[in-house]
Amino acid sequence: MMLKHVVTLITILFVSGCSSLVLQPQPSSVNSQQATAGSTGVSAVDKLIAKGDVQRRQGDYRNAAATLERALRLSPQSGGAYLALSRVRLDQKSYGEALQLAEKSLSLSADSKRAQKEAWLVISEVKKRRGDINGSLEAAKKARRL
Amino acid sequence: MSSNESNGNKPPRKKKAARKKAARKKAAVKPSSKKAPVKKKAAAKKKTAVKKAAAKKTVAKKPASKKPKTSNSKSKVAVNKRRSMLRILGQVALLFTLIMGGYLIYLDAVIQSKFEGKRWQIPAKVFSRPLELFAGANVSQEQIEYELQQLNYRRKKDPNTLKPGNYARTDSGLQIRTRGFDFWDATETGSNISVDLKANAVDDVIVNGKGDEIARLEPVLVGGIYPAHNEDRVLVTLDQVPSALIGALLAVEDREFYEHWGVSVRGIARALFANIKAGGLRQGGSTLTQQLVKNFYLSSERSLTRKINEALMALLLDFHYEKDDILEAYLNEVYLGQAGQRAIHGFGLASLFYFGVPLRELEVQQIALLVGIVKGASWYDPRRNPERAKERRTQVLSLMLDQGEIGQAEFDRVKNKPLGVIKKPVYVDERYPAFMNLVRQQLKQDYRDEDLRSEGLRIFTTIDPYAQHQLEKTIAKQLRSVERYQGEKYQTLQAASIFTSANTGEVVALVGDKNSQYKGFNRALRAYRPIGSLIKPVVYLSALEKGYTLASLLKDEPIEIKTENGELWRPDNFEKVSHGEVILQQALAHSYNQATASLAMDVGIEKIADRVVSLGVEKDLPKVPALALGAVSLSPFEVATLYQTFAAGGFYTPLRSIRSVMNAEGKPLQRYGIDVEKRISPEHTYLLTAALQEVVTQGTAKTAKRYLSEGLKVAGKTGTSDDQRDAWFAGWSGSYLGVVWVGFDDNLKTELTGATGALPIWAQTMAGLTQVPLKPIQPESVDWYWIDPKEVARSKPHCDGAVFVPMIESTVPTKKSSCSETGRVFNWIRKLFD
């Protein structure tokens with residue numbers, strides 16, 4: 001009986017672990033998180049990133065992008081702003097742009113493991129949706145390592 | 001009516017109630033201006049009626065023609081004569097009625113077609129980027145105040161009594177009362193902003209009592225794209241016009257506006273009486289409607305026919321449209337001044353033109369002046385004829401007092417105030433012609449020229465007025481200094497430059513001529529000149545990508561390369577000296593030609609040419625050995641595109657001059673978002689950036705430290721073409737990338753190099769801008785090592801010839817140098833004996 005419970009639990013954990021790769025409904029769990037990581041060190045800009053995140057979750061992509069671009073103009077070295085913008089592009093199914101913005105975010109987020117992890121998750125998601133399962137798994141692995 | 005301000009004995013009118021009543025009356029009996037089909041039906045009915053009348057007459061004629069003639073009797077003859085006279089008269093009358101009817105129908109059509117359709121061609125308005133203030137922003141008080149001056153804010157002493165468009169200095173910074181603006185993403189309402197500054201950075205921003213906010217100032221209007229006839233206006237709707245302005249206008253120009261039918265008999269009679277009394281033509285009897293008709297539809301000739309047309313059309317206009325529609329059209333149409341070729345129409349633009357503020361901010365005496373100018377924009381021009389304008393303003397204020405628009409106390413308070421007209425129009429044509437040129441070029445890809453000139457588009461660009469000001473100022477100063485130093489020949493020396501935001505690729509400043517106001521040839525975009533050593537970073541990047549390290553040894557010695565056409569190419573160093581074995585980083589920092597040529601031969605010219613293209617310069621390049629030393633002509637804009645990829649961390653980021661476009665009503669049309677694409681690995685970007693920082697600390701650009709703090713850790717490269725015909729510098733900090741070119745249009749030789757001609761402009765412009773240091777982000781797989789280049793081995797700081805360079809893990813030599821093996825003390829003893 002005990003064994004059955006353990007097996008069930010492991011199965012659930014396994015399935016939920018893979019869900020972002022396999023069973024993902026729209027929008028992805030990558031994007032349903034509350035807030036994008038990567039504090040810019042400037043709270044006014046962080047607020048803009050948070051606002052952009054909210055606008056994206058409401059499906060208001062156009063304004064989300066405008067808000068986040070404003071954030072990255074004010075704090076051009078902010079990996080977080082690029083990351084949040086890459087999520088907007090992901091939700092808009094602009095995978096090429098999402099990938100590039102996530103890469104840009106990675107290049108700026110050396111000091112934030114969390115931001116790097118989230119960027120790799122976006123990259124993994126993009127690759128999965130483009131059918132590159134190996135690339136997706138590879139990126140997810142990088143995310144897990146962080 | 002024009003100038004019917006002579007008496008004012010009538011009690012103050014209950015203006016608003018009267019207007020409403022009139023509007024209700026009209027609404028009940030007249031079709032709304034927006035119901036075009038109804039009007040068309042009315043016109044059609046008229047036509048039918050005229051046709052029917054004509055038919056009846058024709059029928060009536062028939063029996064008359066059949067009457068038998070009675071020629072014997074004289075009386076009968078007389079009767080017949082009378083009859084035929086009457087008949088002719090009748091026919092003439094009929095013809096006249098027909099013609100008049102037709103003419104009225106024609107006039108009606110003319111009126112409706114213009115009033116219903118697009119009434120005006122509105123030029124596109126071009127705005128700068130808005131200055132945003134928040135805790136942590138790198139901006140100086142000088143820059144904020146410069147921006148406020150560009151926006152025509154007035155500086156006041158007391159920070160507690162500011163009105164919109166005012167600011168004051170405080171102990172810790174500035175207090176600003178903004179006007180508010182409709183942006184793409186949000187409407188910023190006018191706010192009270194307190195900005196604390198510390199050491200060229202914003203320490204805190206409090207907006208309406210709330211801390212930690214972002215305050216966004218209005219953008220500066222930097223230019224327009226004008227229709228061919230040069231009429232300019234800023235459209236206003238009736239609800240945007242201060243009621244005092246409407247009150248004053250009606251008091252002065254047309255008191256019975258809401259009562260008359262387009263033409264005022266009383267007005268004409270009063271004008272006639274006043275003219276007889278004065279013994280000359282002093283007053284006109286035109287209503288606002290007639291004035292609008294005159295400006296809108298008719299020529300300026302003074303003839304009876306035109307006067308009749310004007311009256312007829314005014315009646316028709318009044319019949320068809322609401323009073324408020326007519327008034328709104330008048331407020332936008334009226335001619336109020338001249339700025340060079342541009343005619344200033346409407347109160348919306350006049351307010352900016354004379355006072356530098358939007359209409360809603362006008363004070364009562366300013367309103368009185370604008371209303372006074374209606375009578376004669378040239379005669380009462382407050383800039384040319386201030387006394388006359390002031391007298392006119394007093395007349396208008398008196399009328400406003402008489403009509404109850406203002407009280408005695410207010411009249412007394414404002415009557416002696418200065419005119420308050422800004423010295424020169426803030427709204428000058430294309431303040432930044434070279435930048436506008438770029439904007440137009442980018443707009444043309446998406447918009448028709450005709451739409452740009454007529455649709456009243458609002459174009460939000462990336463230009464930073466303060467950065468532009470710094471660049472213009474520095475170029476002018478530096479070229480003057482070169483001329484002073486080098487002599488008269490340098491009078492015609494030219495310069496072009498472009499500065500962008502280092503990470504986003506937004507163009508913040510652009511100069512295409514040493515005279516920044518010059519509207520002709522834009523060198524920043526169109527002068528294609530050999531770039532010299534500016535190409536070397538691409539050669540060295542290609543080498544690093546091939547496996548070279550910054551510590552790899554290169555041979556800087558005479559070299560002969562056979563070109564495709566069989567000629568021998570023998571590059572020489574600038575100082576005509578070869579340096580023997582040098583490390584790669586050093587060869588780049590000192591821009592050694594022979595070492596570079598030899599490196600390029602190993603990397604391959606094809607590869608280098610392809611890399612230039614993949615880094616952003618999409619054009620066919622000559623695939624000859626000399627390409628490695630910059631035998632390729634690029635414009636400053638193209639060079640900036642190339643270097644932008646370096647400055648933006650290896651991501652190709654197209655240069656942009658436009659952020660968004662909105663239509664005349666403030667509806668967003670198009671946004672030009674940021675676009676990035678990885679073109680260089682983070683590792684190679686890091687190595688290249690470190691090497692280009694060496695150029696400034698140790699190499700050909702080390703004179704930059706005369707102007708710039710070394711703490712900024714800028715990276716860049718000098719470039720000098722053959723015979724020193726072109727001097728270049730391209731470099732960046734954490735905030736800005738800048739490219740500067742200096743040379744003669746006719747390609748003459750100069751005494752200048754990249755370091756002496758272009759670098760001073762670049763460095764001084766950078767020094768004028770508040771910015772952050774360049775801190776390249778070190779990838780995990782890169783670290784700094786002491787290397788012995790000769791042994792190609794790991795070394796130690798104390799070892800001879802050891803260099804400290806960043807390296808990618810996979811390229812770090814495993815071997816340890818003999819020095820590092822033997823230890824510090826042993827080496828010290830060995831050095832003693834050596």
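Student: Which element gives the most to the lining of the largest cavity?

Tutor: In this predicted model, α4(A) gives the most, with four residues. The elements that give two or more residues are α4 (61-74) of chain A and β25 (658-662) of chain B.

Student: What makes a residue part of that lining?

Tutor: A lining residue has an atom within 4 Å of a point of the cavity. For the largest cavity 15 residues pass, and Arg73(A), Trp184(B), Arg216(B), Arg659(B) and Ser660(B) lie nearest its centre. From chain B, domain 2 (130-218) and domain 4 (430-527 + 635-674 + 715-770) each supply at least three residues.

Student: Why is this space called a cavity?

Tutor: A 1.4 Å probe fits there but cannot get out, so the space is a cavity by the rule. About 200 Å³ lies within the largest cavity, and the count of cavities of 30 Å³ or more comes to four.

Student: How many residues of the lining of the largest cavity are charged?

Tutor: Eight are charged, beside five nonpolar and two polar. Arg counts as charged, so Arg73(A), Arg216(B) and Arg659(B) belong to the charged class.

Student: What lines the second largest cavity?

Tutor: Its volume is about 100 Å³. The lining consists of Val696(B), Thr697(B), Ala704(B), Lys705(B), Leu708(B), Ser709(B), Glu710(B), Lys713(B) and Val714(B). By class these are four nonpolar, two polar and three charged. Lys and Glu count as charged, so Lys705(B), Glu710(B) and Lys713(B) make up the charged group.

Student: What makes the pair of Arg87(A) and Glu118(A) a salt bridge?

Tutor: The N to O distance is 3.2 Å. The cut-off is 4 Å between a side-chain nitrogen of Lys or Arg and a carboxyl oxygen of Asp or Glu, so the pair qualifies. Arg87(A) sits in helix α5 (residues 79-91) and Glu118(A) in helix α7 (residues 113-129) of chain A, so by the DSSP runs the pair links distant parts of the chain, 31 residues apart. Over all chains the count is 46 salt bridges.

Student: How do you know where the predictor's confidence is below 50?

Tutor: The pLDDT gives it residue by residue. Chain A has a mean of 81, with 73% of its residues at 70 or more. Its residues 11-27 are below 50, and this stretch has 18 contacts beyond near neighbours in sequence. Chain B averages 86, and 87% of its residues score at least 70. In chain B, residues 1-70 are below 50, with 87 contacts beyond near neighbours in sequence.

Definitions and conventions
Residues are numbered from 1 along each chain as its sequence is written. Chains are lettered from A and ligands numbered from 1 in the order in which they are written. This is a predicted model: local features need pLDDT of at least 70, side-chain atom pairs count only at pLDDT 80 or more; totals for chains, interfaces and linings use all residues. Side-chain values use heavy atoms; hydrogens and water are left out. On a 1 Å grid over the protein atoms alone, a cavity is a set of points where a 1.4 Å probe fits but cannot get out, and a pocket is an open set with protein on both sides within 12 Å along at least five of seven lines; lining residues have an atom within 4 Å of a point. Grid points are joined across faces, edges and corners, and a volume is the space filled by probe spheres set on the points. Domain bounds come from an automatic or database domain assignment. pLDDT is the predictor's confidence in each residue, from 0 to 100. Contact means heavy atoms within 4.5 Å.
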